[in-house]
Amino acid sequence: MPAPGTTALLILLPAAEPALAAARRVDPALVRPGVPAHVTALYPFLPDASLTDEVFADVRAVAATVPPPEVRLAELVVTPGFVALAAPALQAITDAVCARWPEVRPYGGRFGPRPAPHLTVAMGGSEDALERVAGEVRPLLPLTDRAEALQLVALTDRGWEPRLETPFAG
């Protein structure tokens, strides 16, 4: 679990909530509480204490350069400890965000400099539980949505809280 003060830039995809609901039916512990269906544009982002009006302006500026893309979630990715939906339509957004903040390594560098955008459906759990999640999610596919905004969230003692939401406008 990340520490309070950790932040992230997210792309919310409400149409993918049925996939998270399916995972919760298998085991609620597999789904992060308090965070809606999303693709992470950059995590971890800058520490909450360092967020300034200039940072908010930069987030708005990046979002303003990107047209709101249609996102089709059709490919289920199942690996040990992880079930996700690939979101290749969002690669341009994650690339733009990472280019603006090159000093921030996505996921601390765990997945290389350019991780593939994805919507995490379930994390952790047994192989059997994850296969059951995959079996529940497959019939729901494809899911489609329009990515409308970039959201900056911070982890607090009360959970994840929005700090800024700015529309894509490019």
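## Asp-128 and the salt bridges

Asp-128 is partly exposed in this predicted model, with a relative accessible area of 49%. Its side chain meets that of Arg-132 in a salt bridge, with an N to O distance of 3.8 Å. Arg-132 is partly exposed as well, at 43% relative accessible area. Both residues belong to helix H4, where they sit four residues apart, about one turn of the helix.

A search of the whole structure gives nine salt bridges. One of them joins the side chains of Arg-25 and Glu-136, again at 3.8 Å from N to O. Arg-25 is in helix H1 and Glu-136 in helix H4, so this pair ties together parts that lie 111 residues apart in sequence. Arg-25 is exposed, its relative accessible area being 57%, whereas Glu-136 is partly exposed at 37%. Another salt bridge links Glu-148 with Arg-146, and the closest N and O atoms there are 3.4 Å apart. Glu-148 is partly exposed, with 43% relative accessible area, and Arg-146 counts as partly exposed at 35%. Asp-48, Arg-158, Glu-161 and Arg-163 are linked in a network of salt bridges.

## The three-stranded sheet

Three strands make up an open sheet with antiparallel pairing, in the order E4-E5-E6. Strand E4 (76-79) and strand E6 (118-123) are the edge strands, each pairing on one side only. On average, neighbouring strands of this sheet are turned by 25 degrees against each other, direction ignored.

Strand E4 is joined by four bridges to strand E5 (residues 82-86), and the two run antiparallel. Within this pairing, Leu-76 stands opposite Leu-85 in E5. Helix H1 (residues 17-26) packs on the sheet, where it touches E5 and E6. The direction of H1 makes about 15 degrees with that of E6.

## Helix H4 on the sheet

Helix H4 (residues 127-137) lies across E4, E5 and E6, and runs at about 175 degrees to E4. Its buried residues include Ala-129, Leu-130, Val-133, Ala-134 and Val-137. These residues cover an arc of only 140 degrees around the axis, which puts them on the same side of H4. The packing partners of the buried residues of H4 are H1, E4, E5 and E6.

## Helix H2

Helix H2 has 12 residues. From its first C-alpha to its last it reaches 16 Å, close to the 16 Å expected at 1.5 Å a residue. Which residues of H2 are buried? They are Val-55, Phe-56, Asp-58, Val-59, Val-62 and Ala-63. Viewed down the axis of H2, these residues fall within an arc of 160 degrees, so they line one face of the helix.

Asp-53 and Glu-54 are exposed on the other side of H2. The buried residues of H2 pack against strand E1 (7-12), H3, strand E8 (149-156) and strand E9 (159-167).

## Backbone exceptions

Most residues other than glycine have a negative phi, and most peptide bonds are trans. Pro-44 is placed in the loop between strand E2 (38-42) and helix H2 (53-64). A cis bond also runs from Leu-141 to Pro-142, with omega near 0 degrees. Pro-142 is in the loop between H4 and strand E7 (143-146).

Tyr-107 has a phi near 55 degrees, a positive value in a residue other than glycine. Where does Tyr-107 lie? The residue is in the loop between helix H3 (91-100) and E6. Tyr-107 counts as buried because its relative accessibility is 18%, below the cut-off of 20%.

Methods. Residues are numbered from 1 along each chain as its sequence is written. This is a predicted model: local features need pLDDT of at least 70, side-chain atom pairs count only at pLDDT 80 or more; totals for chains, interfaces and linings use all residues. Side-chain values use heavy atoms; hydrogens and water are left out. Two strands pair if DSSP finds at least two bridges between them. Axes are lines fitted to C-alpha atoms, for helices over the stretch in contact, and angles run from 0 to 180 degrees between N-to-C directions. Contact means heavy atoms within 4.5 Å. Buried means under 20% relative accessible area, exposed over 50%, partly exposed in between (1.4 Å probe, protein chains only). The arc is that of the directions from the helix axis to the C-beta atoms. The expected span of a helix is 1.5 Å times one less than its number of residues. A salt bridge is a side-chain nitrogen of Lys or Arg within 4 Å of a carboxyl oxygen of Asp or Glu.
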